[in-house]
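Colleague: I would like to go through the terms used for this model and what stands behind each of them.

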Amino acid sequence: MAKLRIAFSGIGAVGGYYGGMVAARYQGTIKADIFFIARGENLKAIRENGLQMQLGIRTIHTAPALATDNPAEIGPVDYLFCCTKSYDLEENIQQLKPVIGPETVIIPLLNGLDIEERIHNILPEQEVWKGCVYIGSRLTEPGVVEKFSLKERIFFGNKDANKDKQTELLKLLMYARLNAFNPADIDLRIWKKFFMISTAATATSFFNQPIDEVLAQHIDLFIALGTELKSVAEAMGVRLPDDIVYTSIETQKMMPTGSTTSMHSDFLAGKKTELETLTGYVIRQAEKLGVDVPTYRFMYNGLSFYPYPKKTEIS
């Protein structure tokens, strides 16, 4: 039986952890070859010293079969995990074409509800499975990933895809000591994840505060965001749990004091952000469906049209 070939594109907080765990499990085995597609100082560090994962008191060192910024050096793979930010998706898919063959399954672990659609706009015939993760992790320095959450979960699947192939990947991920799931309701799982991150990212970025301060000082507007998003979901034919607005708030309250979202962090750093994916998408869908989302629109306009405070301007 030929080795499985699995590539991870974007070796940051998400791709670094999941790619690192899979590489650590299958390094030197006959089961699978794992490839990392990275760039810059991160790639340089991985090539020189491998990837280091800090998991509480435990540290794991691993190395892929190949780390490169040139996908042509890898060639077609069986599974491709896309772990970049959503605003880089189209450019990333174009660059990844050398690893995408007729049988390649693409599994994006990106924020957003329209990721599969955007990939199919470029590769209409390609098999794409949906995916999402729940994890607290960060790239602390080039070649070093820290997981700071107690738990992690990865969900993936496609209700129309070959079940045996999905089971094959599920077993591979579980054997790598990952909390992996291949649920029949993957679309609902993606929506639940989007619900949590869209409301939190929008609010933390707009108020320029960590999530605990947002909930303490602006709970009414946070509830308004959730209520509006639930209305959009219902108009799209998605039945979310009746209490999702409040259960999402309780989940956010469990975050460590001072925790914020990656979109808020990107605004603070002056980087590109996922505003269009996490906030703008809601407004565009609401307009199509005739749903009023005044809180989302107000915060989106504030984040779109006014300069974000620099770090030195924040008290």
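**Contacts, burial and a pocket**

Modeller: Among contacts in the chain (heavy atoms within 4.5 Å) between residues at least 6 apart in sequence, 72% join residues at least 24 apart. This is a predicted model, in which local features need pLDDT of at least 70 and side-chain atom pairs count only at pLDDT 80 or more, while totals for chains, interfaces and linings use all residues. Residues are numbered from 1 along each chain as its sequence is written, and side-chain values use heavy atoms, leaving out hydrogens and water.

Colleague: What makes the radius of gyration of the chain agree with a compact globule?

Modeller: The rule, 2.2 Å times the number of residues to the power 0.38, with the radius taken over C-alpha atoms, puts a compact globule of 315 residues near 20 Å; the chain has 20 Å, so the two agree.

Colleague: How many of the residues are called buried?

Modeller: Buried means under 20% relative accessible area with a 1.4 Å probe, protein chains only, and 53% of the 315 residues come under that term.

Colleague: Why is the second largest pocket said to lie between the domains?

Modeller: Domain 1 (2-183) and domain 2 (186-303) both give residues to its lining, so the pocket lies between them. The bounds come from an automatic or database domain assignment.

Colleague: Which residues lie nearest the centre of that pocket?

Modeller: Gly112, Leu113, Asp114, Lys130 and Ile190, out of 16 lining residues. α4 (115-122), β9 (130-134) and α6 (186-207) each give two or more residues to the lining.

Note on methods: On a 1 Å grid over the protein atoms alone, a cavity is a set of points where a 1.4 Å probe fits but cannot get out, and a pocket is an open set with protein on both sides within 12 Å along at least five of seven lines; lining residues have an atom within 4 Å of a point. Helices (H or I, at least four residues) and strands (E, at least two) are DSSP runs, numbered from the N terminus. Buried means under 20% relative accessible area, exposed over 50%, partly exposed in between (1.4 Å probe, protein chains only).
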